[in-house]
Amino acid sequence: MTDEVMAEINTGLQLHISGDRAGAREKFAALWERIGEDGDPLHRCALAHYMADVCDDPADELAWDLRALAAADSLTDDRAKEYHATLAVRGFYPSLHLNLAEDYRKLGDHEAAKAQWKLGRATLGALGDDPYGVGIIQAYDALAIRLGLEPDSPDFRAGR
């Protein structure tokens, strides 16, 4: 069975990937109006996660990333697996916390950024040993450097 909303979210994502941020933002905003704050948690999580990526204002990006995290917190593995058999909600958290850490860093709140970095770093065990997982780990390492965390510190290595 096809999930039409996820298909539409993917259409917006493809707009973004092709360089049409404004088109993606428009598509995502229309979808959000349709599904709303109380819609399916999978739809809210995916849509908010991608909407954050097309925001120009870091405060708006943070607001959407917080929506994505809240939706993930109410999402069940059963619902995620209805969409794709390999999905587990715990696998969403590394990316969600990474995005929040980067949002806070952009906004100059380095303490909140480090807190999100640490929360997310502790979830890295949920990632597979595949290009996506490796990419997320590399992004954590790069963000750690931008946050001034030393590579030899326990915080830097936490979650590995």
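## Ala 115 and helix 7

In this predicted model, Ala 115 sits in helix 7, which runs over residues 110–121. Its relative accessible area is 39%, so Ala 115 is classed as partly exposed, a class that lies between the cut-offs of under 20% for buried and over 50% for exposed.

Ala 115 and Tyr 132 are separated by 17 residues in sequence. In space, their C-alpha atoms are 23 Å apart.

## Helix 8

Helix 8 covers residues 131–146. Its 16 residues, at 1.5 Å a residue, should span 22 Å, and the C-alpha atoms at its ends are 22 Å apart, which agrees with that expectation.

The buried residues in helix 8 include Gly 133, Ile 136, Tyr 140, Asp 141, Leu 143 and Ala 144. These residues cover an arc of only 165° around the axis, which means that they lie on the same side of helix 8. Pro 131, Gln 138 and Ile 145 are exposed and are carried by the face turned away from that buried side. Just after the helix comes Gly 148, with a positive phi of about 80°.

## The largest pocket

The volume of the largest pocket is about 670 Å³. By class, 15 of the lining residues are nonpolar, 8 are polar and 6 are charged.

Four helices each give at least two residues to this lining: helix 1 (4–17), helix 3 (41–53), helix 6 (93–106) and helix 8 (131–146). Helix 3 has the largest share, with 6 residues. Lining residues come from both domain 1 (1–87) and domain 2 (89–159), so the largest pocket lies between the two domains.

The loop between helix 3 and helix 4 (58–73) contains Asp 57. Asp 57 has a relative accessibility of 36% and therefore counts as partly exposed.

Asp 57 and Asp 103 are 46 residues apart in sequence, while the distance between their C-alpha atoms is 9.9 Å.

Technical notes. Residues are numbered from 1 along each chain as its sequence is written. This is a predicted model: local features need pLDDT of at least 70, side-chain atom pairs count only at pLDDT 80 or more; totals for chains, interfaces and linings use all residues. Side-chain values use heavy atoms; hydrogens and water are left out. On a 1 Å grid over the protein atoms alone, a cavity is a set of points where a 1.4 Å probe fits but cannot get out, and a pocket is an open set with protein on both sides within 12 Å along at least five of seven lines; lining residues have an atom within 4 Å of a point. Grid points are joined across faces, edges and corners, and a volume is the space filled by probe spheres set on the points. Ala, Val, Leu, Ile, Met, Phe, Trp, Tyr, Cys and Pro count as nonpolar, Asp, Glu, Lys and Arg as charged, and the others, Gly among them, as polar. Domain bounds come from an automatic or database domain assignment. The expected span of a helix is 1.5 Å times one less than its number of residues. Buried means under 20% relative accessible area, exposed over 50%, partly exposed in between (1.4 Å probe, protein chains only). The arc is that of the directions from the helix axis to the C-beta atoms.
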